[in-house]
Amino acid sequence: MAASSEYLANGVNDVRLKPKLLRSLTRDLDETGEARSRAFTGEEIAKILEKIQVHGVLSEVLPEDCVGRKDEAKLRQEWQSAVDSWVERLLLLVSDKMPQKCWAGTCLLGITIEKCTAERLIASYAVWFEKLLQNIQASSNNRFVCDASYACLSDLFTRLSSFPSVKKESTSFAGRLVPSILQLMDGDGPFMGVAIDLLCTFIKFYPSAIYRYYDKVEFALTSKISSVNSDMEVLKKISGALALLPHAKGDSGSWFAIMQKLLLSINSLLNDVFQGLEEEGKGSEVMKLLVSAGKETPSSLVDQTKLSEGNLRATKRLRDSISPLLCSLTYSCCSMLSNPYPVQVAIPVRALLSLIGRVLDVDGTLVSNTVLPSTTSLYQELLCSELPSFHLYILDLLIALIKGLKSQLLPHVASVVQPVADFFRRATLPSIRAKVYYTLELLLHSMGVGMSLCLAEHVVSNASIDLDEGPASICISKLGNEALLKNSAKKRKRGRLSSQSNGVEEETNNAIAEKKSTPLSVKIAALRAIETLISVGGSVKSESWRLEVDRLLINVATSSFDVFTGKAGKYSCIEESASSQEEYCLMALQALLASLLSPSHVRPPYLSQGLELFQKGKLETGTKVATLCEKTLLSLEVLIHPRDMPLVNYPIPVAATVSTNEFGDEEMYHGWWVESDDEDQTPGRENGDNQSQSHKDLKKDNQPQLMEVDAEKSHSIEERREENREAAVLSAEPENVESGSGLQPQLGLGHAEPAVDQLPSQDLGTSNSEPKLSVSLDTVADSQSKGDTVADRQSEGDTDSPSKGKDSDCDSLSSMPDVVFCDPDTDPEKSDANSEELDADSEE
């Protein structure tokens, strides 16, 4: 029996477990190595790699509780000895003639290079390099061994780059490998990709090793790009290496030269592809912007003769050669614009934008009646199938340009916005629309509020199409329908309500059957763009679109939440995965939050509906929606605090205003813009029926007069209106409040037309509903101003009358009562008193 000291006192946390486990893995390799008939499998290597990473058996770092112990030196020596045995065994496997064992040893050496200590790496990297170099130079090794050797060398040189003490020798080792990589690129070897990865590592960390081979490396990379035999994955790696190549010299001229050649090559390919599909001279315009007059045109990276070899038909050449080339060249340009460069460079912005606009303008239709040989019907059909890919490539280039320049692109904003806006109107594919939304979002982020003035119309119009599910909100939730009908229940007869409900349901079902829902990826992209637009420019000249967007966001947030919670029922027209629905719901709620918090001169019109929605979302425990709603309610608390006052308190120069309870629960729940219900009136209302009737007569008498304001008196009306706004405010009865009547902006409590689309239309002609004030606030103000103007004209003829003239007008205005913040239902006497004062003023 083993001694007690051999047991692990701390179990899995005992430091002695690590060297014991490593020795066990080494024995497994020995036993397998002795069985010559048995080779390593990928599953066995994967298990070994997992144990090495989980237990950290190669770190050789003792925990703090072992430092200072009596057996510290013994533990270190034991662990070091175990790692030495492990490395020795790996080197034997790397030199083994059996490809399976050589491949296994190379893979395990790679993880050893990554996890071993810095001291062991510096002491052993030269030996490891020589072993791996032999495997690369041996032509008898198979593809798996070469792939593993190149990957292991890439890991080795990447980690050595962080040790300045060995930088000189490691650079020398890298220079020895460059000729081998160039020789490999001359052919079509199966391990071209890993060789390019190693070349990129040298360009990044050892540029001096590439400097003397710069021209040869550029020629090799451009030759491989033009090769029609390279697949798409290899082409992208070659394009990435070409984009990194200027780092080997590190000067601005090398960067511009590569970018110039790339753009010329793309433009040359487009000349061949777009024959007959665009106006003549587009290619020459880009050429003039790239090459100054009198200078020699650089050679193109693409060899057109290779593309025409074999008498390939135009359709086959487009599909097999030109389309992959355009993708790889555009990818290279994007990498050059996105990756940082050590020195400042001159970016050909005008040429880039001209090239981008050239591709976006082509939609596959012939621009003239002359049909060129290449523009046959079959060619046009194939081009239209490839054109969306071209558009995605060029949009990626525009995105890279925006990220690279940011606000420096502002002088060229017209050349950016116009082509994108025109293209957005024609784009129908979901992937392209989502990409355009992302592009507009980047423009807003990069250039700020000024760009929001240019893009607001385009973002709002397209987002309204993509987010709207059809007339009467196809995807409106069941709860939304109930709320809609509930608001009209107190104004309509029960029988009429039932017919209205059936009509809405029937119309919704018909719309669902006719319209197909937009994919969620496009909806999410549209919501992101809307959120950015509101956050950046929601308070700057947004009167033309802000109310529409606010209404759209509350509807989308409500419908997406109902779909996410499963309450939408048959009204749901979204058939996506649960994760996509949750992401859509999260994005809709975030956009709604941006709408509620965006600065504005009035309160959010859908604050109460939003608060109710976030309260429901908070109850969905265990979901991301609940977490977001909980944080959102904390953010919105500032808007519902009792001490929070309107941002702007406009006086109301009209004889009908709202008398509300500033801190009442009813107003806080429904919002200040919701009218008071007839059923909730107090019994004290009966005592003021005479006053109410007289006030209704007054309104009735005034209505024709409101529509006959003389245009010649507009100047005096505006002057009187300003004086009225600076004066006091008249109060009136709450029954005159009509949602969407235009009264609320004067209180600073809502938009001009806050919730009119969410409430059913009111039938003012029926005897079941009381007459409402159906004129706008400005019209009433004009009417009052007209009356004041007539009084002024009468005062000019009778100056002795003390009750006429401007002085009397000022006195009457100064005697007007202030706004009374109280509940008219609980204080009928004050409401009646206000009505009496109103009648007295009207009689005067």
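The expected span of a helix is 1.5 Å times one less than its number of residues. Helices here are DSSP runs of H or I with at least four residues, numbered from the N terminus. Hold that for a moment.

This is a predicted model, where local features need pLDDT of at least 70, side-chain atom pairs count only at pLDDT 80 or more, and totals for chains, interfaces and linings use all residues. Residues are numbered from 1 along each chain as its sequence is written, and side-chain values use heavy atoms, leaving out hydrogens and water.

Now helix H10, residues 214-226. Its 13 residues should span 18 Å at 1.5 Å a residue, and the end C-alpha atoms sit 19 Å apart, which agrees. Which residues of H10 are buried? Among them are Tyr214, Val217, Leu221 and Ile225. Buried means under 20% relative accessible area, exposed over 50%, partly exposed in between (1.4 Å probe, protein chains only).

Next, the surface. Glu279, Glu285, Asp361 and Asp363 gather in a patch of negative charge. Glu285 lies in helix H13, residues 282-290. Glu285 counts as partly exposed, at 45% relative accessibility.

Last, two backbone points. Most residues other than glycine have a negative phi. Glu60 has a positive phi, near 60°. Glu60 is in the loop between helix H2 (42-55) and helix H3 (72-94). Lys406 also has a positive phi, about 55°, and is not a glycine. Its place is the loop between helix H17 (377-405) and helix H18 (413-426). Lys406 counts as partly exposed, at 47% relative accessibility.

Note on methods. Patch = residues over 30% accessible without salt bridge, like charges linked within 9 Å, V, L, I, M, F, W, Y side chains within 5 Å. Areas by Shrake-Rupley, 256 points an atom, 1.4 Å probe, with all protein chains shown as cover. Salt bridge = Lys/Arg side-chain N within 4 Å of Asp/Glu carboxyl O. Lys, Arg positive; Asp, Glu negative; His and termini not counted. Charge placed at Lys NZ, Arg CZ, Asp CG, Glu CD. Helix = DSSP H or I, 4+ residues; strand = E, 2+ residues; numbered from the N terminus.
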